[in-house]
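Please look at the sequence and the structure below before you read the briefing.

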Amino acid sequence: MSVLVYINSNGEKIAKSAFEVVTYAKKIGEVTVVTNGKADESKLAQLGKYGASKVLVDRSFDGIDEQQIVRMMATAAEKVGANTIVFSDDLIGKAVAPRLSVKMNAGLVSGVNGIPNADGTIPVNVFSGKAFGFVKVNTDKKIISLLPNSIQPEETGSDAAVEEFDGNAGETRVKVKETKLPEGDIPLPEAELVVSGGRGLKGPENWNLILDLAKELGAATACSRPVSDSDWRPHHEHVGQTGIAIRPNLYIAAGISGAIQHLAGVNGSKTIVVINTDPEAPFFKAADYGVVGDAFEVLPRLTEAVKKFKASN
Amino acid sequence: MKILVCISKAPDTTTKISFTDGDTKFDESGVKYIVNPYDEWYALVKGLELKEAHGGTVTIVTVGTAEDEATIRKALAIGADDATRIDLKAEDAGQVAAEIANFAKEGAYDLILLGKETIDYNGSKVGGMLAEHLDMPFISLAESMVVNGTTATLDKEIIGGIQTVEADLPLVVSCAKGMAEQRIPNMRGIMAARTKPLNIVPASGAAQQTSFEKYALPAPKSAVKLIDPNNMDELVQLLHNEAKVI
């Protein structure tokens, strides 16, 4: 079976989520990756290591305009004869996959957390990760949108052939005026390690405690809703029901009580560490490791311990 | 400006999730439904703010059954002019988008607003699908929007940052946090909502593309391991050797 995968290759490096979707698609069929922009051939060829047989690149447009990507993907699907298309369920996938679903009359399954079962149903996260569902697609064509951090990238092959193609992407109707990417930060949705602070930290002037630990770990930083509502931290750091949902390997929460709305954004994390003065804080029920103590004392100690660990490893 | 706001019901955020009929259906007994917070707090209120600034109308549309009318009245109480319910118990996002598109085609709306996702299935699907049906640009995850004449300028979330974009109306916009300030309906709004028009139109029969065959709950989490706050070396060792995350 022929499977098409979209990846965004506009960044400096190809994101880990791209290697994840290629690894995933390889488990379903023969993989053709489709991308656009100016990325070097050598950079694209490495996708072969994760299982891509071929990479099709449309050099006629840069960027992430969803209508252009949709036209390119529909053109590529026809060219390759693919009935299954895989996206990463990130902010690009969320904008593009639904449009493509209508254009190709392909059933869309999003929030996917694993490979299809023997009966053809696809496992997904629902209710903000509080439950799982198994979805059947009733159309011949299907689109799978895979949650980041659901599968480990596997290097199995060698470089893929890179071929330029014309995806008939057409014109964009959305003009990009400015792109602001905070420099040096690890994008939260892609981070494997996350350090997060809540109201218990008492004010933005104390955030160095979170930033120091994050720096030592090489982690991204996040916060709870009251923190971003009070403008102690930017909105894009807010994880939870009304913020963003993340699935890192490690989530360290300091001074966050763990309201159900916050848990909804982080319960996909592999390991959760909770630091709180209140032993009754609901977050401890969702945690793997708990530290009942004052974040103002515990965080610097933890930062020191990580520093010591890094120096000896 | 003619504004259409798509709303959906969603279980209250504190709902305990369970399943019935051999784990094939979401157990609705005792579940309190609310207007999906993203639709209400951000899309609907943004629509009202734009109407207040530029004039025009705000129409609510939802796909649902008679049971959903309480949530529609709540949305009307916040301030929309009228509402339409497309009479269907929809089974997937594809149906919802196709039905709303079919309705919206007749209305010549300048702006179609909806929340970034519903808090139950978290699909983020309807907005993009709707835009494709209507051949309109889709601005996803907008945090702010200013309309000047027939042009909208929006800040939208992208991976790792914010992008400022500009596009001509008509547009479909999915609304995220920051788009508007949540409003609480007042008594006057609630009284007025009772007599606002709530039209019911039949569904056009869009096909269901996907179906949930079964559900499952995650395995219960094992009890938390408590670490002495004075011994962070132990925590680091556990994260390295046991959890294998650092």
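Two residues are said to be in contact if their C-beta atoms, placed from the backbone, lie within 7 Å. This is a predicted model, in which local features need pLDDT of at least 70 and side-chain atom pairs count only at pLDDT 80 or more, while totals for chains, interfaces and linings use all residues. Residues are numbered from 1 along each chain as its sequence is written, and chains are lettered from A and ligands numbered from 1 in the order in which they are written. Helices (H or I, at least four residues) and strands (E, at least two) are DSSP runs, numbered from the N terminus.

**Two helices in chain B**

- In H3(B), the residues B:Ala93, B:Gly94, B:Val96, B:Ala97, B:Ala98, B:Ile100, B:Ala101 and B:Ala104 meet B:Val126, B:Met129, B:Leu130, B:His133 and B:Leu134 of H4(B).
- This contact of H3(B) with H4(B) has eleven nonpolar, two polar and no charged residues, where Ala, Val, Leu, Ile, Met, Phe, Trp, Tyr, Cys and Pro count as nonpolar, Asp, Glu, Lys and Arg as charged, and the others, Gly among them, as polar.
- Helix H3 (residues 93–104) of chain B packs against H4(B) at an angle of about 45°, with the axes 9 Å apart; axes are lines fitted to C-alpha atoms, for helices over the stretch in contact, and angles run from 0 to 180 degrees between N-to-C directions.
- H3(B) and H4(B) are therefore oblique to each other, since angles under 35 degrees count as roughly parallel, over 145 as roughly antiparallel, 65 to 115 as roughly perpendicular and the rest as oblique.

- An open sheet of six strands, with parallel pairing, has the order S12(A)-S11(A)-S13(A)-S14(A)-S15(A)-S15(B); two strands pair if DSSP finds at least two bridges between them.
- Strand S12 (220–223) of chain A and strand S15 (225–226) of chain B stand at the edges, each with a single partner strand, so one side of each has no neighbour in the sheet.
- Strand S11 (residues 193–197) of chain A pairs with S12(A) in the parallel sense over four bridges, and A:Ser196 has A:Ala222 of S12(A) as its bridge partner.
- Helix H5 (residues 208–217) of chain A packs on the sheet and touches S11, S12 and strand S13 (250–254) of chain A, with a direction that makes about 175° with that of S11(A).
- Helix H9 (residues 295–312) of chain A also packs on the sheet, where it touches S13, strand S14 (271–276) and strand S15 (289–292) of chain A.

**Where chain A meets chain B**

- The contact takes 73 residues from chain A and 64 residues from chain B.
- On the side of chain B that touches chain A, there are 32 nonpolar, 20 polar and twelve charged residues.
- Strand S10 (residues 174–180) of chain A runs antiparallel to S11(B), to which six bridges join it, and the bridge partner of A:Thr179 in S11(B) is B:Gln163.
- The axes of H9(A) and H6(B) come within 8 Å and cross at roughly 55°, which makes H9(A) oblique to H6(B).
- Residues in this helix contact include A:Leu302 and A:Phe309 of H9(A), and B:Leu235 and B:Val236 of H6(B).

**Domains of chain A**

- Chain A is divided into domain 1 (2–164) and domain 2 (188–312), with bounds that come from an automatic or database domain assignment.
- The C-alpha centres of domain 1 and domain 2 of chain A lie 31 Å apart, and eleven residues of domain 1 are in contact with nine residues of domain 2.
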